[in-house]
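Me: I would like to go through this model and ask what each description of it rests on. Please set the values against the criteria as you answer.

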Amino acid sequence: MQLISRASAVLQALEGQLTGLSLGQIAGVTGLPRPTVQRLVDALCAEGFALVDPQQGGVRLGPLIARLASSVRIDLVALARPYLERLAWKTQESAAMTTLQDGKVVVLAIVTPPARAIQLTASVGSHWPLHSSAEGKALLSGLPEDAIRAMLPPALEARTPRTTTSVLALLAEIQEAAAHGVAVDEEGTATGISALAARLVDGTGRRYALSLLLPASRFNALAGELRSALLECRAAVLTAAGLPPMPSPEGFAE
């Protein structure tokens, strides 16, 4: 177990190091003695998990890592389901997981607890507009402006009197969602319903959003509490999937 743990520490030290690290640098990062690092690197190189760059001389991750990673297919929806259920039961609000598909928000999973439940017409396979929903704004957050504009329709439909129909205003809301980690919909998609959504991205780059939907009448009173619960749920899903954590917005620990 100790050997595996030490080898894992070396591999994690090499993550993202495109030009490699010296043995001394690896020792510094891992806290392992340099002779131990040397033996571990020799073994990892022999198996293809690491290699020594012939020009730079540094140690970096080997081709076997990429091959193994490409063979992993995580069913993120199935993995996230119990965390969604936990979120719904903890908050007593409806929790959903959505993705970006053909310019729309598509529902992949939705959990509504029996107590304090709102009547949702949404079910798996339902779709919502990108521009009016918290999920859509979360899914678009972090993308370049030209990519966002390309996915929007020529005119933004006013689903309710509170729908954002200005592209510039929508871009500002998406930018705010990227900065603060959570996107908001206050009756922009359906009158009487508000939502919070947080984006996550899997190892292939596919985008998802986790969200909470609730009556607008209690949104303002619960928004802070629900935001924290939503970010905690996202962090738990990312950890379970072996994905790196999202940066925490200021004032919110994940």
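Predicted model: local features only at pLDDT ≥ 70, side-chain atom pairs only at ≥ 80, totals over all residues.

Me: What share of the residues counts as buried, and what makes a residue buried?

Reply: The cut-off is a relative accessible area under 20%. Buried residues make up 44% of the 254 residues in the protein.

Me: What are the box and the secondary structure of the protein?

Reply: Taken along the principal axes, the C-alpha atoms fill a box of roughly 65 × 40 × 35 Å. The secondary structure comes to nine helices and eight strands.

Me: How do you know what length to expect of helix 8?

Reply: The expected span is 1.5 Å times one less than the number of residues. Helix 8, residues 167-180, has 14 residues, and its expected span is 20 Å. From first C-alpha to last it reaches 20 Å, close to that expectation.

Me: Which residues of helix 8 are buried, and why are they said to line one face?

Reply: Leu170, Leu171, Ile174 and Ala177 are the buried residues of helix 8. Seen down the helix axis, they fall within an arc of 115°, so they line one face. In general, an α-helix has 3.6 residues a turn, so residues three or four places apart point the same way.

Me: What does the buried side of helix 8 pack against, and what does the face turned away carry?

Reply: The buried residues pack against helix 6 (134-140), helix 7 (145-151) and strand 6 (183-190). The face turned away carries Leu168, Gln175 and Ala179, which are exposed, the cut-off there being over 50% relative accessible area. After helix 8 comes Gly181, with a positive phi near 90°.

Me: What makes strand 3 and strand 4 a pair?

Reply: Pairing needs at least two bridges. Strand 3 (residues 94-101) and strand 4 (residues 104-111) have seven, in the antiparallel sense. In one of the bridges, Ala96 is partnered by Ile110 of strand 4.

How values were computed: Residues numbered from 1 in each chain as written. Heavy atoms only, no water. Helix = DSSP H or I, 4+ residues; strand = E, 2+ residues; numbered from the N terminus. Buried < 20%, exposed > 50% of the residue type's maximum accessible area, 1.4 Å probe, protein only. Arc of directions from axis to C-beta. Contact = heavy atoms within 4.5 Å.
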